[in-house]
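Morning, everyone. I have one structure to walk through. Have a look at it first.

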Amino acid sequence: EHNALNTPSLSQSLKELTILFLKLGFTAFGGPAAHIALFHQEVVARRKWMTDQDFLDLLGATNLIPGPNSTEMVIHIGLRRAGWLGLVLAGACFIIPAMLIVMALAWLYVRYGATPQAEWLMYGVKPVIIVIILQALWRLGRSAIKGTTTILTGLLVLGLSFLNINPILILFASGLLVALIENLPRWKPSSALFALLSLGGYAVPTLVTTPFSLWILFLTFLKIGAVLYGSGYVLIVFMHADFVTRLGWITEQQLIDAIAIGQVTPGPLFTTATFIGYLLNGVPGAILSTLGIFLPSFIFVALSNPLIPRLRQSPWLGAFLDGVNVAALALMVTVTWQLAHAVFPDPWTFLLAALAGILLIGYKVNATWLILGGALGGLVFHLFG
């Protein structure tokens with residue numbers, strides 16, 4: 001029942017999954033798009049575990065459920081290859097190496113992050129991160145805009161996002177709005193728009209610091225993992241709303257540093273959660289944050305895998321996802337704008353950002369090398385500037 005082209009024994013399949021995804025967990029740099037390309041190369045082209053069509057079906061399914069797309073692809077492949085044991089093992093092997101690397105970097109950050117050398121490294125890295133996010137926004141935006149409905153929804157969300165409304169409510173309302181408009185020609189969109197505007201009453205409370213609790217930390221990341229649609233970059237919106245604004249546990253600077261660490265390490269971008277967990281409560285915080293944000297993915301894959309053929313054909317689900325995606329991008333624009341204020345204190349940072357943009361867009365330089373280059377640029381400026 002593995003739906004693969006060749007089906008060895010269960011123990012052999014589990015061993016193969018372990019070796020492959022541990023290797024990728026330590027070496028898969030470059031974000032979700034790069035991960036998907038690597039998986040295709042390893043699983044379809046090299047190992048012939050499934051056909052191109054099987055792979056595309058799984059990829060389509062990951063876009064219809066919340067959570068990190070590339071990690072969910074790993075979990076789907078594990079389930080197809082070796083059932084429930086494969087599901088757990090493949091996902092864990094992909095996540096754990098990245099989690100351990102991020103924990104080690106978080107330890108270094110906590111120990112040395114306040115020293116001038118580390119500050120200057122981050123001074124050079126942060127402008128590069130903003131450029132990488134902007135490029136992702138541009139690339140994702142071209143595929144997210146499907147017509148007039150999605151454009152107008154995106155603009156509406158952009159306006160509402162400055163009113164400090166809860167991002168989860170905005171995402172779901174946008175998905176519902178686009179699904180209704182696209183599927184019911186006689187539906188009066190004005191009433192749906194009114195419903196979306198009325199969500200202004202559900203503003204996120206600001207500047208009220210909540211006492212730290214491991215339980216709240218775990219539940220917050222569990223909630224984020226359960227509702228986050230789109231790329232790993234959308235995670236920035238949720239973490240800003242929850243940990244900077246609502247709980248007041250981290251600063252905008254710490255959030256940018258967390259994103260940088262998530263970018264420069266292999267494996268899922270969602271291990272940014274590991275970094276924040278470690279900042280707040282050491283190893284227990286890191287482990288609970290990681291468990292919280294990834295647990296929903298395992299559950300969603302297990303539930304959705306049998307439904308994939310029907311999910312792909314649903315115009316309602318497709319339109320709902322279009323609305324969620326365009327709203328997520330609009331929210332990302334707002335948060336990136338807010339974060340940029342803390343990142344560009346002088347002309348040197350603008351110069352670094354411009355150089356990163358030229359290398360990223362003009363020469364397709366890998367984001368990891370750009371981040372390392374930014375760190376080096378910050379250090380050079382500190383020594384000779």
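Which residues of H3 are buried? They are Asp54, Phe55, Asp57, Leu58, Ala61, Thr62 and Leu64. Buried means under 20% relative accessible area, exposed over 50%, and partly exposed in between, with a 1.4 Å probe and protein chains only.

Some ground rules. This is a predicted model, where local features need pLDDT of at least 70, side-chain atom pairs count only at pLDDT 80 or more, and totals for chains, interfaces and linings use all residues. Numbering runs from 1 along each chain as its sequence is written, and side-chain values use heavy atoms, with hydrogens and water left out.

Now the whole protein. There are 16 helices and zero strands; these are DSSP runs, numbered from the N terminus, with helices being H or I of at least four residues and strands E of at least two. Of its 385 residues, 52% count as buried.

Next, the interior. A nonpolar core is a set of buried Ala, Val, Leu, Ile, Met, Phe, Trp, Tyr and Cys residues joined through side-chain atoms within 4.5 Å. The largest has 91 residues, and Phe221, Ile224, Phe238, Phe243 and Leu255 touch the most other members. Helix H14, residues 315-340, gives the most to this core, with 13 residues. A second, separate core has 21 residues, including Ile36, Phe39, Leu58 and Phe94. In soluble globular proteins, nonpolar side chains tend to be buried together.

Last, Ile151. This residue lies in helix H6, residues 148-161.
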